[in-house]
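I opened this entry to keep track of what I looked up, chain by chain and contact by contact.

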Amino acid sequence: MISWPNLVSQLFNGLALGALLALISSGLTIIYGTLGVLNLAHGAMFMIGGYAGFVTYQYTESFILAVIGGSLFVMLLGVVMERVIIRHFYHRPHEDQLLVTFGLGICFVELVRLIFSSQSQLVPPPALFQGITNLGFMFYPTYRLAVVGIVAIALGALFIILYRTRLGMIVRAGIEDSVMVDSLGINVYRVFMVVFGIGAMAAGFAGIVNAPVVSLTPGIGDDILVQTFVVVVIGGVGSFPGAILGGLIAGEIISVTSMFNPGYAYVMLFAAMTLVLVVRPHGLLGVQGRE
Amino acid sequence: MLKQRPLLIETLTAIGLIVAPFVLPHLGFAPNTVNRILVWGLFGLGFDILFGFTGLLSFGQSAFYGTGGFVAAYLLTRAGFSNVLGALIIGMIAAAATGYLIGLIALRRTGIYFAMITVAIAEVFFFVEFNPLSDFTGGENGLPGVPTPSFNLGFTTIHFTNGWSLYQFIALCYFIGVIIALRIVRSPVGAILSAIRDNPLRATAVGHNIHGYKLTAFVIAAAYAGFAGGLLGVLQAFMPPDAFTFDTSGQLVMQTAIGGRGTLFGPLVGATVWLFLQDFLQSALGLGAAWKLVLGVVFVLLVCFLRGGIVGGLVDLYGLMSGKRPRKAAETEQAEVEMPRQAPPAPMHAKEVEHPVYSGPILKATGLTKRYGGLVANSDIDFSVDHGELRGIIGPNGAGKSTFFKMLTCEVAPTSGQIMFEGRDITGLKVTEVCQLGLTKSYQVNQLFTGLTVRQNLTIAALAELRGKFRLDLFRSLAGVKGLTEQVEHTLALVNLTRRADTPVSELAYGEKRRLEIGLALATSPRLLLLDEPLAGMSPRERVETVKLLKSIARGRTMIIIDHDMDSLFELVERVTVLQEGRVLVSGTPEEIKTNAAVQEAYLGGVHGEIAA
């Protein structure tokens with residue numbers, strides 16, 4: 001049952017899934033770290049990214065434009081969501097923030113279901129990455145390899161934004177101590193809006209990049225959201241490196257377990273999360289702080 | 001509000017349940033819909049105790065609903081078990097046991113972590129049910145053929161079949177569920193659960209083992225979920241696998257928020273609205289699949305604008321109409337006038353000493369050091385206080401006074417050093433245990449239970465002393481706790497808040513809040529009371545009052561007071577310790593300190609060029 005090519009190919013699958021999870025979780029984690037709001041509609045953002053890209057593709061037949069369209073649309077949606085609703089919840093208890101983002105997530109999913117029906121939609125991979133690649137010891141779908149590269153570039157871009165720009169400095173400082181940043185005379189609310197937009201865009205971008213791998217359904221974000229939570233708990237909330245590490249761990253656990261029995265993928269994922277919670281309650285790379 | 005009339009809610013519930021079959025059919029409710037509403041309502045009773053009362057928002061209740069449901073259904077369909085009620089109860093116990101194990105993991109964290117972990121747990125249960133356990137659960141087919149209950153009474157057999165007949169059984173279950181939930185909510189445990197929702201930090205500090213109580217709430221919610229899950233199987237004559245889906249948990253959360261959290265009946269109201277709208281939107285308006293979108297929008301709007309949900313909104317409306325507001329203003333004025341005239345209450349006695357033989361200093365700290373990375377907050381402090389002493393601590397800002405207090409109460413573990421309280425080494429103990437031993441603190445920044453009334457605040461603190469840090473008296477009424485009323489009333493009188501006893505903390509004036517802060521510490525009857533800047537932010541008149549209050553508490557008790565108001569402090573205490581840059585600068589009587597050159601240097605000269613107010 002276990003053959004080397006099979007295992008290696010699952011490890012590659014795990015890498016692709018892990019990279020995606022890392023990107024989505026980074027979005028969730030920087031939003032939470034900066035704004036203190038856990039966005040339960042983050043899975044819906046991932047899903048909408050896919051659909052917005054799908055629509056762009058229908059009109060332009062260009063995969064690149066679809067990626068741009070999907071990401072920008074979700075960023076815009078994130079900004080509007082922050083402006084109109086989320087900002088009224090900064091001073092309300094966590095439960096209310098969870099409830100309202102949960103409700104928004106349901107609205108988004110149902111709205112998409114209403115427009116596109118529950119039937120699955122397909123975005124083909126770009127011509128450049130179609131087919132399979134011979135890696136010497138095995139054949140592997142080219143696009144999945146490309147996903148790893150594309151997501152790595154996106155994560156790199158996020159890294160540059162977070163660690164090499166003024167905005168990133170404020171965001172990282174805000175994760176450490178938001179009260180201090182507030183009192184330094186920085187307009188935190190504008191930063192919040194931008195961060196929410198970027199965080200949502202990370203999910204949206206992942207959504208459209210992932211669309212050629214799996215077909216789109218309105219419920220596609222739900223599972224991803226749960227996996228993202230596990231990633232964030234494993235990596236540590238508010239930690240960008242933690243999200244990447246957690247994403248890769250979760251991706252590999254899901255893929256390798258699925259090789260033996262897909263039914264146990266979640267059980268193993270959960271076991272890993274429990275282990276982390278017992279050994280390092282604040283996550284592998286998390287710091288004690290915001291709760 | 002309704003508290004004065006005992007059993008009122010129980011009676012109204014019973015009447016409502018009896019009348020329902022005669023009224024609801026005329027409003028277009030099919031018996032099956034009513035039964036489903038009751039099952040959701042029962043599911044929600046436990047969830048509301050967890051979410052509405054304890055403040056723990058779980059998105060994983062489907063795990064327990066499914067567990068209870070499938071255990072009961074498996075017993076009745078595959079294991080040849082014939083007693084329906086027995087199976088339901090076994091399912092409930094199984095769910096509660098699962099809840100206990102899951103709670104141990106999920107409650108390691110709070111807030112959003114807790115929510116995320118519960119989501120993940122529910123998902124695991126869903127996959128386990130579908131795959132590894134599909135031999136027992138029927139996988140995606142579920143378990144068909146769940147029988148309905150019948151009871152052999154000897155002379156006759158009552159069989160609850162379906163429709164309104166089954167309603168009688170489910171309504172009875174719901175009614176018993178309500179009675180139990182009300183008892184729990186009104187018990188000391190219930191009071192502590194609300195305290196945990198409001199301010200877990202203070203609930204811990206006054207001496208409650210909040211982890212134990214949270215786990216209790218979690219298990220209660222799981223038990224309710226398990227029973228309700230079993231009823232679902234009985235109701236549908238089939239245990240559906242989708243009981244385990246995340247949608248089930250989500251629907252429960254939404255129904256509870258729509259109906260009103262913290263009301264017990266909110267989930268029932270929410271379920272009624274939900275199922276009614278679902279039917280109405282789907283069939284009457286022909287919206288088809290869009291019904292869920294409409295419900296989602298309704299839900300978001302309710303969360304935005306009506307935090308208390310429908311029941312909470314009605315209660316607010318009732319409050320507005322019965323003209324509660326003007327009376328409160330009048331009350332305030334009266335209290336202000338009354339204050340100076342009130343006769344001083346008798347001093348309150350501290351908890352009895354456990355080891356009367358011990359006669360050394362009540363508190364002795366040696367070599368106490370605290371480092372935060374490179375920053376040394378406290379360095380090698382030796383400090384000792386005798387029984388009955390009244391000690392003051394002063395020092396410029398940043399001298400490490402509050403850190404010192406936090407170490408003494410075991411909120412913060414020292415980097416090195418030892419703390420002895422009444423001859424017992426308390427270094428490394430938890431703040432809860434230390435408070436139970438008789439050492440507590442009033443905070444520099446108020447740590448009150450802001451959503452509760454003054455009386456409820458003091459009750460929480462007094463309960464910690466009277467019941468210990470953890471006790472499962474779920475069915476005892478608050479009135480049944482011996483000595484509670486006396487202790488609360490006495491503390492109220494002592495901090496001069498008797499007239500404001502039933503005012504919510506959020507409506508108190510600042511000075512009153514400060515007095516309540518001291519009262520919270522006092523209600524635990526500490527033998528050693530630490531006060532962190534009790535006079536901070538008070539007006540001159542309030543200071544005079546508070547100094548008087550502190551003097552009256554000091555009788556028969558040891559106290560250590562940090563404050564910047566030297567005039568008041570020097571008048572109050574017998575000895576003063578001066579801290580500077582994390583070290584003890586000097587100790588002595590107020591007179592010695594006033595004339596000490598080093599102290600003057602610390603306050604007036606050097607880098608800390610600041611005169612304390």
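**Entry 1. Chain B overall.** I started with burial: of the 613 residues of chain B, 50% count as buried. I am working from a predicted model, and I keep that in mind throughout. Next I took the extent of the C-alpha trace of chain B, which spans about 90 × 55 × 50 Å along its principal axes. I then went through the secondary structure and found 24 helices and 14 strands in chain B. For contact range, I took the contacts in chain B between residues at least 6 apart in sequence. Of these, 74% join residues at least 24 apart.

**Entry 2. The nonpolar core.** I looked up the largest nonpolar core, and it has 279 residues. Which residues have the most contacts inside it? I noted B:Leu42, B:Ala120, B:Ile170 and B:Leu231. Helix α10 of chain B, residues 210-236, gives the most to this core, with 17 residues. I then followed B:Leu231 and left aside its neighbours within four places in sequence. B:Leu231 is in contact with B:Val39, B:Leu42, B:Leu88, B:Ile170 and B:Cys173. As background, I noted that nonpolar side chains tend to be buried together in soluble globular proteins.

**Entry 3. α3(B) against α10(B).** I stayed with α10(B) and checked how helix α3 of chain B, residues 62-77, packs on it. The angle is about 50°, and the axes are 6 Å apart. That makes α3(B) oblique to α10(B). The crossing of the two is right-handed. On the α3(B) side I listed B:Phe64, B:Tyr65, B:Gly66, B:Thr67, B:Gly68, B:Gly69, B:Ala72 and B:Ala73. On the α10(B) side I listed B:Ala222, B:Ala225, B:Gly226, B:Phe227, B:Ala228, B:Gly229, B:Gly230, B:Leu232 and B:Gly233.

**Entry 4. α9(A) against α11(A).** I moved to chain A and took helix α9, residues 220-235, with helix α11, residues 265-279. They pack at an angle of about 25°, with their axes 9 Å apart. Angles under 35 degrees count as roughly parallel, and α9(A) and α11(A) are therefore roughly parallel to each other. Their crossing is left-handed. From α9(A), the residues in the contact are A:Val230, A:Val233 and A:Ile234. They meet A:Leu269, A:Ala272, A:Met273, A:Val276 and A:Leu277 in α11(A). I sorted the residues of this contact by class and got eight nonpolar, no polar and no charged.

**Entry 5. Where the chains touch.** How many residues does each chain put into the contact? I have 37 from chain B and 34 from chain A. On the side of chain B that touches chain A, α5 (111-130), α11 (246-259) and α13 (291-305) each supply at least two residues. Of that side, α5(B) gives the most, with 14 residues. By class, the side of chain B that touches chain A has 26 nonpolar, six polar and five charged residues.

**Entry 6. B:Ala509.** I ended on a loop residue. B:Ala509 sits in the loop between α19 (484-494) and α20 (510-522) of chain B. Is B:Ala509 buried, exposed or partly exposed? I counted 13 other C-beta atoms within 10 Å, so B:Ala509 is partly exposed. I also took the separation of B:Ala509 from B:Val573. They are 64 residues apart in sequence and 27 Å apart in space, C-alpha to C-alpha.

Note on methods:
Residues numbered from 1 in each chain as written. Chains lettered and ligands numbered in written order. Predicted model: local features only at pLDDT ≥ 70, side-chain atom pairs only at ≥ 80, totals over all residues. Contact = placed C-beta atoms within 7 Å. Helix = DSSP H or I, 4+ residues; strand = E, 2+ residues; numbered from the N terminus. Nonpolar A, V, L, I, M, F, W, Y, C, P; charged D, E, K, R; others polar. Axes fitted to C-alpha atoms, helices over the stretch in contact; angles between N-to-C directions. Parallel < 35°, antiparallel > 145°, perpendicular 65-115°, else oblique. Left-handed = near helix turned anticlockwise from the far one by under 90°. Core = buried A, V, L, I, M, F, W, Y, C linked by C-beta atoms within 7 Å. Buried ≥ 20, exposed ≤ 12 C-beta atoms within 10 Å, placed from the backbone.
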